[in-house]
Amino acid sequence: MVYEQARKPLKTWLQTLLHYRWHPGSLAYVLHRISGIALLGYLFVHIWTLRGLVQGQVAYDEKMQLFATPLFKVAEWLLFAFVLFHALNGVRIALLDLTQRGSRVHVALLRIVYAIGAIAMVGMGVLIFFDPFGT
Amino acid sequence: MKRWSAFAWYWQRISGLLLVIFTIGHYVTVHWTEASGHEFNSSVARLSNPLWQFWYLGFVVLGLWHGVQGAYNILRDFKLPRAVLLGAVVVLIGAALYFAYLGFDTVLTVHEWKHRP
């Protein structure tokens with residue numbers, strides 16, 4: 001009974017999603033939620049990783065070896081995309097909700113979000129993959 | 001209840017804006033180079049400084065609160081049975097408390113382990 005009740009809304013939600021009238025704002029809304037859940041998960045992982053610090057340098061370095069592989073460098077770059085979008089769009093939401101003019105210019109704000117985001121992604125890509133400061 | 005919801009609504013936005021500042025600071029100071037962010041000694045040195053400890057305790061609390069409240073806001077958009085919603089809330093708050101404890105304990109005790117191999 002409970003299972004039936006729980007299942008129906010999810011199915012309806014998926015149907016709604018598939019028939020969603022996509023426009024810039026609704027896309028940002030969905031992306032904000034997906035990136036938010038991912039970032040909460042990552043925050044747990046991040047705190048858990050730093051826990052290695054109290055196990056001493058050997059254990060910590062072993063744990064961090066994982067993050068030096070090329071695969072994880074790409075993953076870190078993608079993580080930055082999530083952080084970036086959630087942060088920039090979050091500022092947009094705050095402007096939208098807390099200021100008088102925000103909701104009238106929200107699509108223009110979204111363009112700014114994507115523009116700053118794209119530039120920062122390129123910058124971070126250079127930092128991660130080309131190591132310009134030679135560390 | 002209504003007042004609490006209104007507070008939660010504002011707090012989600014204000015904590016989010018604070019987290020943007022924290023995140024920029026975190027990226028610039030910690031992850032500017034791979035060495036500054038991933039090396040044992042630099043991490044321990046940072047977390048032995050009371051100012052950084054204060055900064056990171058705040059970061060942990062704000063991040064977990066904003067994240068768990070955000071997940072709760074998403075759950076509230078679904079017509080979930082009361083028991084499922086309650087169970088999910090217990091799991092979310094439980095996870096937040098556990099990782100807050102883990103983060104606090106790491107930040108506050110890491111300097112004691114500085115000389116461990």
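This is a predicted model: local features need pLDDT of at least 70, side-chain atom pairs count only at pLDDT 80 or more; totals for chains, interfaces and linings use all residues.
A residue is taken as buried if 20 or more other C-beta atoms lie within 10 Å of its own, as exposed if 12 or fewer do, and as partly exposed in between. The C-alpha atom of A:Val105 is separated by 9.7 Å from that of A:Leu95, a residue ten positions away along the chain.

By the same criterion, B:Ala71 counts as buried, because its C-beta neighbours inside 10 Å number 21. B:Ala71 belongs to helix H4 of chain B. When residues up to four places away in sequence are not counted, B:Ala71 touches A:Ile37 and A:Leu40 as well as B:Leu92. Between B:Ala71 and B:Val89, which are 18 residues apart in sequence, the C-alpha to C-alpha distance is 9.1 Å.

The contact between the two chains draws on 35 residues from chain A and 35 residues from chain B. On the side of chain A that touches chain B, two or more residues come from each of helix H1 (2-18), helix H2 (24-50), helix H3 (57-65) and helix H4 (70-98). The greatest contribution to this side is that of H2(A), which gives ten residues. By class, the residues on the side of chain A that touches chain B comprise 25 nonpolar, six polar and four charged.

The largest nonpolar core contains 26 residues, of which A:Leu84 and B:Leu64 touch the most other members. Two or more residues are given to this core by each of H2, H4 and H5 of chain A, and likewise by helix H4 (50-76) and helix H5 (82-109) of chain B. In soluble globular proteins, nonpolar side chains tend to be buried together. With neighbours within four places in sequence left aside, B:Leu64 is in contact with A:Leu43 of the other chain and with B:Ala96, B:Phe99 and B:Ala100.

Helix packing was examined within each chain. In chain A, the axes of H2(A) and helix H5 (residues 106-130) come within 10 Å and cross at roughly 55°. Angles under 35 degrees count as roughly parallel and those of 65 to 115 as roughly perpendicular, and H2(A) and H5(A) are therefore oblique to each other. Their crossing is left-handed. H2(A) contributes A:Pro24, A:Gly25 and A:Ala28 to the contact, while H5(A) contributes A:His106, A:Val107 and A:Leu110. The contact of H2(A) with H5(A) is made up of four nonpolar and two polar residues, with no charged residues.

In chain B, helix H1 (residues 2-30) packs on H4(B) at an angle of about 135°, and the two axes are 9 Å apart. Since only angles over 145 degrees count as roughly antiparallel, H1(B) and H4(B) are likewise oblique to each other. The crossing of H1(B) and H4(B) is left-handed. From H1(B), the contact includes B:Ala8, B:Gln12, B:Ser15, B:Gly16, B:Leu18, B:Leu19, B:Phe22 and B:His26. These residues meet B:Phe59, B:Leu62, B:Gly63, B:Trp65, B:His66, B:Gln69 and B:Gly70 in H4(B). Seven nonpolar and eight polar residues form the contact of H1(B) with H4(B), and no charged residues take part.

Key. Residues are numbered from 1 along each chain as its sequence is written. Chains are lettered from A and ligands numbered from 1 in the order in which they are written. Two residues are in contact if their C-beta atoms, placed from the backbone, lie within 7 Å. Helices (H or I, at least four residues) and strands (E, at least two) are DSSP runs, numbered from the N terminus. Ala, Val, Leu, Ile, Met, Phe, Trp, Tyr, Cys and Pro count as nonpolar, Asp, Glu, Lys and Arg as charged, and the others, Gly among them, as polar. Axes are lines fitted to C-alpha atoms, for helices over the stretch in contact, and angles run from 0 to 180 degrees between N-to-C directions. A crossing is left-handed if the near helix is turned anticlockwise from the far one by less than a right angle, and right-handed if clockwise. A nonpolar core is a set of buried Ala, Val, Leu, Ile, Met, Phe, Trp, Tyr and Cys residues joined through C-beta atoms within 7 Å.
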